Number of protein chains: 2
Amino acid sequence: MPETVAVIGAGLVGCLTAIALAKRDYKVTLFDYRLDPRDQKTIDRNLRSINLAISSRGISSLEFVDKEVAGRVLKGIIPMKGRMIHHLNGAQESQTYGLFGESINSIDRAVLNHLLLDELERIGSDKVQVKFGHKLSKIKYGKPDEFQSCVFATEEGVDQVYATNFVVGCDGSYSTTRDQMQREVRMHFSQEYIDCCYIELYIPPSKNYDARYKGNFSLAPDHLHIWPRHQYMLIALANADGSFTSTFFGPWGLVESLLKSEARVREFLIKNFPDAMEIMGINQAVKSFMSHPKGALMCIECDPYNVSGGRGIILGDAAHSMVPFYGQGMNCGFEDVKVLMKLLDAYDGDRAKAFDAYTRERHQDLTAIVKLAKRNYKEMSHDVTSKVFLLRKKLDHWLGKLLKDKWLPLYTMVSFRADIPYHKAIAISKRQKTILDFIQVLIIAAISLLGYEGFKRVSRRLKQASRQ
Amino acid sequence: MPETVAVIGAGLVGCLTAIALAKRDYKVTLFDYRLDPRDQKTIDRNLRSINLAISSRGISSLEFVDKEVAGRVLKGIIPMKGRMIHHLNGAQESQTYGLFGESINSIDRAVLNHLLLDELERIGSDKVQVKFGHKLSKIKYGKPDEFQSCVFATEEGVDQVYATNFVVGCDGSYSTTRDQMQREVRMHFSQEYIDCCYIELYIPPSKNYDARYKGNFSLAPDHLHIWPRHQYMLIALANADGSFTSTFFGPWGLVESLLKSEARVREFLIKNFPDAMEIMGINQAVKSFMSHPKGALMCIECDPYNVSGGRGIILGDAAHSMVPFYGQGMNCGFEDVKVLMKLLDAYDGDRAKAFDAYTRERHQDLTAIVKLAKRNYKEMSHDVTSKVFLLRKKLDHWLGKLLKDKWLPLYTMVSFRADIPYHKAIAISKRQKTILDFIQVLIIAAISLLGYEGFKRVSRRLKQASRQ
């Protein structure tokens with residue numbers, strides 16, 4: 001008899017978990033409180049999604065779970081090789097992400113979710129069953145080796161009880177699995193909201209076909225577009241149909257004061273994002289800004305992530321919600337699945353040991369990326385316009401290209417090097433930062449000695465010498 | 001029409017809140033999920049209480065709410081003027097708490113709770129109604145100025161809905177009010193368990209009457225007894241009947257390893273607390289250690305504490321659970337009530353303003369005491385046996401006596417000076433610590449110059465001089 005598992009939450013991480021466990025011969029039931037999102041004619045737009053950027057960790061985890069599945073669900077992704085900074089005067093400035101042309105990839109959350117649900121059907125209902133309209137209300141944990149009882153509220157109004165060998169909670173920031181786990185486990189837990197509200201906006205496809213981009217795009221689709229304005233910013237990521245999903249981020253106080261009148265919103269948008277308003281359509285933008293849901297951003301940290309005896313575990317946002325500014329939320333969640341499956345394989349299916357090891361080994365990476373994501377808000381909205389930041393970034397890139405694997409910019413390690421765990425990436429970056437600080441002092445000293453022109457001459461020669 | 005308020009939780013803070021609000025002409029309904037604890041013939045012993053020490057902040061808050069109530073409920077308290085340290089060799093060492101004989105006071109949690117419930121009945125059911133057996137399951141917040149709907153599960157099995165102008169949550173560490181508030185408010189929240197388990201033990205009344213103590217006490221009732229053993233400790237507080245409520249504190253790993261056999265527990269208790277075992281009875285102690293519930297200790301911090309528009313607020317452990325090592329949990333909770341009532345009075349009943357001001361003004365004090373309580377575990381279990389600690393403590397006391405209000409030991413400020421807010425007490429203490437550090441260096445220098453005997457001679461003369 002195969003062991004049974006209840007996976008809670010049919011979002012991205014929940015679907016991938018279900019696929020991975022089904023491949024390991026568990027009998028999987030995947031529960032979600034929503035109805036099947038594919039039943040609706042058009043893609044469900046809840047008007048508060050932030051487009052996803054899938055990068056190395058996400059892709060390698062998908063491929064680890066199943067290479068063919070990865071191939072199918074990643075077909076529509078749009079590579080983005082850098083940020084495009086939109087200055088207030090309309091000038092655009094490209095800042096590449098990688099050292100050697102690496103890209104992160106824009107992908108629509110809803111589309112990816114639907115494709116993963118399709119993959120579950122392909123596996124077959126003897127191995128995976130998906131039950132929509134099941135809202136988890138309680139988990140009664142038995143002793144290790146006993147069954148765990150999950151209680152669901154359903155449309156019929158009666159509580160339904162499912163007994164299962166173990167539970168995997170992938171039910172997001174407001175996870176009921178996590179709440180229920182806290183009744184069984186002494187869990188450290190913290191949630192912190194950052195003072196930032198987000199509002200989804202929309203750039204429609206252009207009327208004109210653009211041969212450069214092979215599509216009706218009004219902006220370069222191979223960039224993540226940012227309009228950084230220090231205290232607030234706008235971003236935009238391309239969709240396959242030529243449209244862009246755009247998101248405004250700003251402090252709650254500002255948003256609340258703007259929302260007092262349509263005129264204020266209009267004035268604010270035109271003043272700060274004139275070029276974006278042109279392609280968005282100012283009337284549509286104002287309407288969306290006023291009426292779309294206002295999203296909150298929070299950081300969640302837990303410890304441990306599992307119930308002893310292999311009875312339950314939480315993955316993804318349920319365990320480590322992070323703000324979206326490093327583009328790592330889903331990538332990290334997918335990596336959770338890979339890490340857990342590797343441990344299950346290593347311990348030969350001994351869940352008790354594998355889950356305990358997961359908490360022990362994964363914790364430092366999860367807290368590291370949650371902190372890093374928080375820090376990156378300042379970089380995206382503010383630092384990208386600073387001369388010193390750009391100089392350091394150039395130096396960092398130049399050292400990376402010159403020294404190859406001996407010098408790795410932090411962004412490269414986080415986004416393009418799935419082989420380097422988050423906490424190691426940060427440790428390496430700290431060491432490199434000390435060196436960069438030192439070089440910066442040297443440069444300042446050299447400039448004051450040689451004058452700026454003299455310094456440029458010398459550094460040009462050094463650069464030439466290093467190429468030879 | 002008077003405004004209605006639902007107070008959730010009929011524990012100590014909930015009862016005091018209900019009394020205070022009833023006196024301000026709100027129509028109060030106090031809900032608790034338990035049945036009336038006074039209905040049971042003997043006092044309900046849940047076997048996991050830690051005896052309370054009420055000190056200046058608790059007493060002054062009770063008196064602020066109602067002087068007569070304070071007089072009646074505090075009748076049975078037993079003053080404790082210091083700690084009694086029990087060394088392993090059986091020696092006892094008294095360390096006084098105050099500079100001028102001030103005491104904290106032992107009081108039984110259940111007795112105090114019953115007396116406060118009696119006071120609510122005395123006020124009359126036209127002003128306060130108490131509904132036991134009502135377990136809060138949901139709060140639906142209306143717009144400001146609308147009603148808030150509280151949904152309760154009752155014994156009858158059907159959800160009961162109560163509409164009220166506002167809600168005050170005094171429902172403890174696992175507060176449902178707080179959970180529900182988090183659906184309405186972006187609340188920072190953290191919970192952290194410390195690696196410490198507690199087990200309630202019991203010292204029965206002595207068979208012999210002790211004239212010194214005017215009762216059948218086997219230990220001095222005017223002290224808080226501590227058996228500090230570094231990684232773990234035992235404490236005991238007197239009850240009016242001659243018995244002591246005792247509590248063991250130790251790391252979870254140790255407790256779990258001891259619990260593997262009765263023999264281990266017996267050996268551990270005899271080896272570490274021989275004198276305590278004599279008066280407890282070793283068989284009874286082993287049985288209690290094995291069978292009594294194992295309590296966890298946690299710290300909770302929140303921000304904010306209220307829902308805007310004066311719709312709801314949380315007080316006491318629901319807002320700031322702390323570990324019991326500074327004896328401030330209930331004192332701080334009672335002070336919450338006093339602070340809130342003063343603000344309601346100052347804003348002339350404008351709840352929206354008063355609740356917002358409460359969060360703004362109270363937060364720094366609550367985070368300060370939560371941290372301080374955590375730090376004090378080390379002092380109680382370990383530092384109290386250190387020579388340097390005791391020397392500094394003596395110096396601190398001596399400066400306090402000499403300089404009066406210009407030098408206040410931290411313990412004095414926290415426990416005996418309700419007029420100094422927690423965060424100010426800590427700020428003052430930090431300044432004094434710098435001076436103590438400096439004096440410590442001077443003393444060490446003096447001893448190495450004069451030799452220890454020479455130093456004692458000089459310091460004796462200085463002391464005499466300061467008395468003249």
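How many salt bridges does the count come to over all chains? In this predicted model, the count comes to 46 salt bridges over all chains.

## Domains and annotated region

The domain assignment divides chain A into domain 1 (4–77 + 107–191 + 300–377), domain 2 (192–296) and domain 3 (386–467). Between the C-alpha centres of domain 2 of chain A and domain 3 of chain A the separation is 33 Å.

An unreviewed UniProt entry lists residues 438–455 of chain A as "transmembrane region". In the model, residues 438–455 of chain A are 100% helix and 0% strand, with 17 Å between the end C-alpha atoms.

## Salt bridges in chain A

Glu3(A) and Arg351(A) form a salt bridge through their side chains, at 2.5 Å from N to O. This pair links distant parts of the chain, 348 residues apart: Glu3(A) belongs to the segment before strand E1 (4–8) of chain A, and Arg351(A) to helix H12 (residues 351–381) of chain A. Glu3(A) is partly exposed at 29% relative accessible area, whereas Arg351(A) is buried at 11%.

A salt bridge also joins Asp210(A) to Arg212(A), with the closest N and O atoms 2.9 Å apart. Asp210(A) counts as buried because its relative accessibility, 17%, is under 20%; Arg212(A), at 64%, counts as exposed.

## A salt bridge in chain B

In chain B, the closest N and O atoms of the salt bridge between Glu335(B) and Arg57(B) are 3.0 Å apart. Glu335(B) lies in helix H11 (residues 329–346) of chain B and Arg57(B) in helix H2 (residues 56–65) of chain B, so this contact ties together parts 278 residues apart in sequence. Glu335(B) is buried, with 6% relative accessible area, and Arg57(B) is buried, with 0%.

Note on methods: Residues numbered from 1 in each chain as written. Chains lettered and ligands numbered in written order. Predicted model: local features only at pLDDT ≥ 70, side-chain atom pairs only at ≥ 80, totals over all residues. Heavy atoms only, no water. Domains from an automatic or database assignment. UniProt positions renumbered as here; feature names shortened; annotations may be inferred. Helix = DSSP H or I, 4+ residues; strand = E, 2+ residues; numbered from the N terminus. Salt bridge = Lys/Arg side-chain N within 4 Å of Asp/Glu carboxyl O. Buried < 20%, exposed > 50% of the residue type's maximum accessible area, 1.4 Å probe, protein only.
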